[in-house]
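The following exercises are to be worked with the sequence and the 3D structure at hand. Each task is followed by a solution in steps.

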Amino acid sequence: MTLPIENTNSRIPHAEDAIGRMQRRSYIAMSALHRGIDRLVLTDFPDYENIGDSVIALGQAEFWRQAGIRLEAAYSWRTISPKVYESRWPVAIQGGGNFGGLYPQHSEHRYRLAERLDPRIELIQEPQSVHFESDADRRAFASRMAPRRLLRMAVRDRVSFSAVSAFVPNVILAPDSVHMLGRLESAAPSVAVVHLLRRDDESAGPGSIETAVDWPAMTFADRLRQRLSRTLFEGAVTRTMNRSTDRWFADASKRLATGVALLSPGETIITDRLHAMLIALQMGRRVIAIDNANGKLTNYAATWFHDLDLPLEFAPDLAAATDMV
């Protein structure tokens, strides 16, 4: 099901600026995805350093707050309890860009939910980009998740829509949930450009710049301190001892603040990360984007930004982006 771009029945006030219009589009699509839902359980909460995924979680929570949907519990893929498969409430899977096989632990998590969750309970896949790494990954989705009768699924771009619509009826085309956060406040810029470039398997490469940053990665010492802190103040976080929802989202808020702080010095942001692009635009910055390895950024912009006035340009590579500053 492809949704109309605008709908005057949204609770979000009409706004002429691009940030407000994207917030409105997100609310409309999320309302369709969650129609008839008044409470749910969130799984696959991003308990890792990727700031973009934490921002998605915050955007989802903001929609649920505005829509009056109660979040009963939240689990990461490491802490999900077997009792979730017996949930009395609809179960949601975190949105993002990990659908298709590149991140096997997340694929296995959603397939197990589709297979084991009580068949009378709705399973909701929050907005995702889909990129099947292989035919085997496509077949796994088609055989293990798509047949579930009570499955609601949203995707973030038209390429993803084409990838799954043959297997799942009534797929919803929805913007990334970060747009629910609207305009993001930040410090005034102090330098001409900030480069935020991927250092993982989704990097398009080649090219590098000495002053470039990426979302911060946790060291072994950081993880040890985190584990000790959670053990001392929360009890061991295991499948039988999940964290409180407030603690999960407090961590996500800290990651968003870190991301804003990394980007805010730049008048222009050069990046190949989708969420660095989106956060920077919601901060009001000029963005020069370089596509990642699977076309995530250009697919997203072509789906949602073609009719908006945004300070966004695309470059084929880092050298070309630098020349555009």
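A residue is called buried if its relative accessible area is under 20%, exposed if over 50%, and partly exposed in between (1.4 Å probe, protein chains only). The model is predicted, so that local features need pLDDT of at least 70 and side-chain atom pairs count only at pLDDT 80 or more, while totals for chains, interfaces and linings use all residues. Residues are numbered from 1 along each chain as its sequence is written, and side-chain values use heavy atoms, with hydrogens and water left out.

**Exercise 1. Determine which residues of helix 8 are buried.**

Step 1. Helices (H or I, at least four residues) and strands (E, at least two) are DSSP runs, numbered from the N terminus.

Step 2. The buried residues of helix 8 are L274, H275, A276, M277, L278, I279, A280, L281 and Q282. Nine of the nine residues of helix 8 are thus buried, and the helix is mostly covered.

Step 3. After helix 8 comes G284, with a positive phi near 85°.

**Exercise 2. Describe the lining of the largest pocket.**

Step 1. On a 1 Å grid over the protein atoms alone, a cavity is a set of points where a 1.4 Å probe fits but cannot get out; a pocket is an open set with protein on both sides within 12 Å along at least five of seven lines, and lining residues have an atom within 4 Å of a point.

Step 2. The largest pocket has 32 lining residues, and N50, Y103, R198, D200 and R273 lie nearest its centre. Two or more lining residues come from each of helix 2 (51-67), strand 4 (96-99), helix 3 (104-116) and helix 8 (274-282).

Step 3. Count Ala, Val, Leu, Ile, Met, Phe, Trp, Tyr, Cys and Pro as nonpolar, Asp, Glu, Lys and Arg as charged, and the others, Gly among them, as polar. The lining then divides into 14 charged, ten nonpolar and eight polar residues.

**Exercise 3. Is D44 buried or exposed, and is N170 buried or exposed?**

Step 1. D44 lies in the loop between strand 1 (39-43) and helix 2. Although D44 is not a glycine, its phi is positive, near 65°. With a relative accessible area of 0%, D44 is buried.

Step 2. N170 is found in the loop between helix 5 (158-164) and strand 7 (172-173). Its phi is also positive, about 60°, in a residue that is not a glycine. N170 counts as exposed, at 58% relative accessibility.

**Exercise 4. Classify the ring pair of F45 and W248.**

Step 1. Rings of Phe, Tyr and Trp (its six-membered ring) pair if their centres lie within 6.5 Å; planes under 30 degrees apart count as stacked, over 60 as edge-to-face and the rest as tilted. The structure holds eight aromatic pairs.

Step 2. The ring centres of F45 and W248 are 5.2 Å apart and the planes stand at 35°, so this pair is tilted.

Step 3. Because F45 lies in the loop between strand 1 and helix 2 and W248 in helix 7 (residues 245-263), the pair ties together parts that are 203 residues apart in sequence. Both F45 and W248 are buried.

Step 4. For Y300 and F305, the centres are 5.7 Å apart and the planes at 80°, so that pair is edge-to-face.
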